[in-house]
Amino acid sequence: MAATIDTTCCIAGGGPAGMMLGLLLARAGVPVVVLEKHADFFRDFRGDTIHPSTLTVLHELGMLDDFLKLPHQKVDHLNGKFGDESFRVANFKWLNVVAAYIAMIPQWDFLAFLASKAKAYPNFHLEMSTSAQTLSEENGRIVGVHAVSPAGPVDIRAALTVGADGRHSTIRESAGLKVDDLGAPMDVFWFHLARLPSDTTESTGRFDRGQISVMINRDTYWQCGFVIPKGSSETMRAKGLEAFRAAVAAALPIARDGRAEELKSWDDIKLLTVTVDRLKTWHRSGLLMIGDAAHAMSPVGGIGINLAIQDAVAAANILSRPLRAGTLTDADLAAVQARRLWPTRMTQNLQIALQRNVIGKALNADKPFRAPWILRTMLSLPGLRTIPTRLIGLGVRPEHVGTAGT
């Protein structure tokens with residue numbers, strides 16, 4: 001017989017959206033249970049970029065100083081190289097915010113930090129190694145989830161269930177919600193290479209004829225991305241690891257000294273299958289979807305984690321009062337989608353435009369590649385060159401913490 005847990009809000013998924021929403025609701029006096037299917041937060045090559053928008057949220061929560069005590073690297077600008085031309089794509093020092101930089105930190109450290117802060121509230125409960133399986137429904141309303149824990153089956157009953165379980169969401173599938181696939185022309189191989197004292201300190205994206213690569217300074221190593229045409233990973237693997245090492249050496253200047261040999265097997269190389277999609281409707285009665293479960297983002301700009309955090313802040317601002325009062329309605333859930341749909345749509349439209357006009361063209365170019373004229377113009381005019389900085393650093397209509405602590 002399944003155990004039963006009664007709560008006000010059950011959140012499926014202990015990623016950035018789920019952990020931030022759990023923290024904010026608990027802070028506002030709402031009993032909340034977060035289900036995380038893994039035993040820990042350790043997964044490599046997840047989003048490690050904490051942008052100024054998220055750092056501002058942490059500041060508003062009074063947690064920024066503690067967060068910055070964790071080992072991290074500060075990135076106050078981003079460079080892009082298109083063929084032989086280099087551009088300063090973003091300069092976060094232009095932003096009038098408390099932390100004008102990206103904090104590079106492993107996502108598992110970020111999630112563990114949020115969990116530690118949330119556990120200070122007695123109405124917050126985190127269930128690790130507990131996987132939401134299916135939704136529980138009564139009279140057309142979602143009333144919780146059926147889950148599996150180390151102790152066996154468990155039924156969580158809640159006034160609100162939130163699906164924050166990522167782009168391969170079990171909750172989304174169980175709810176039967178319809179998804180618009182917006183398309184992506186690429187996938188990405190991620191791997192680490194050692195960083196030497198003589199290396200540059202600059203994190204850079206490189207776009208050239210038939211190849212795109214990213215190298216992110218992580219102090220003692222480089223986090224590297226090698227972009228490939230959509231669905232071509234098996235073809236590349238079939239060519240062999242030596243061919244891949246040669247392609248890496250051609251794309252990344254740091255790898256031309258033999259460092260590509262650090263890739264000993266395909267186990268050292270992780271594939272990110274890029275998806276850009278969006279739910280038509282983010283909610284059903286008693287159910288709300290947020291983060292990647294509602295809208296999977298392209299890795300362009302590294303903004304997915306920060307958009308998920310913005311969803312969580314908006315959801316907490318709108319839902320904490322009716323959840324506390326026991327007056328939650330479908331209109332409240334629709335208000336969250338209404339608040340977050342426009343920023344999501346605008347961000348995805350920009351990502352898709354970049355995918356088509358920069359990424360897709362670079363991957364298919366058979367001659368020297370140049371930055372598109374619109375990007376060249378934007379980055380050269382004082383009145384326009386702050387636009388990429390704001391979009392990457394703060395996003396479209398950033399959210400601010402409005403829930404009162406208790």
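Which strand gives the most to the lining of the second largest pocket? In this predicted model, local features need pLDDT of at least 70 and side-chain atom pairs count only at pLDDT 80 or more, whereas totals for chains, interfaces and linings use all residues. Residues are numbered from 1 along each chain as its sequence is written, and side-chain values use heavy atoms, with hydrogens and water left out.

The strand in question is β4 (residues 73-75), with three lining residues; strands (E, at least two residues) and helices (H or I, at least four) are DSSP runs, numbered from the N terminus. A pocket is an open set of points on a 1 Å grid over the protein atoms alone, where a 1.4 Å probe fits, with protein on both sides within 12 Å along at least five of seven lines; lining residues have an atom within 4 Å of a point. The residues lining the second largest pocket include K74, H77, E202 and D219.

Turning to the aromatic rings, nine pairs are found, where rings of Phe, Tyr and Trp (its six-membered ring) pair if their centres lie within 6.5 Å, and planes under 30 degrees apart count as stacked, over 60 as edge-to-face and the rest as tilted. F67 and F113 make an edge-to-face pair, because their ring centres are 5.5 Å apart and their planes stand at 65 degrees. F67 belongs to helix α3 (residues 64-67) and F113 to helix α4 (residues 107-118), so this pair ties together parts 46 residues apart in sequence. Both F67 and F113 are buried (under 20% relative accessible area, with a 1.4 Å probe and protein chains only).

Conventions:
Buried < 20%, exposed > 50% of the residue type's maximum accessible area, 1.4 Å probe, protein only.
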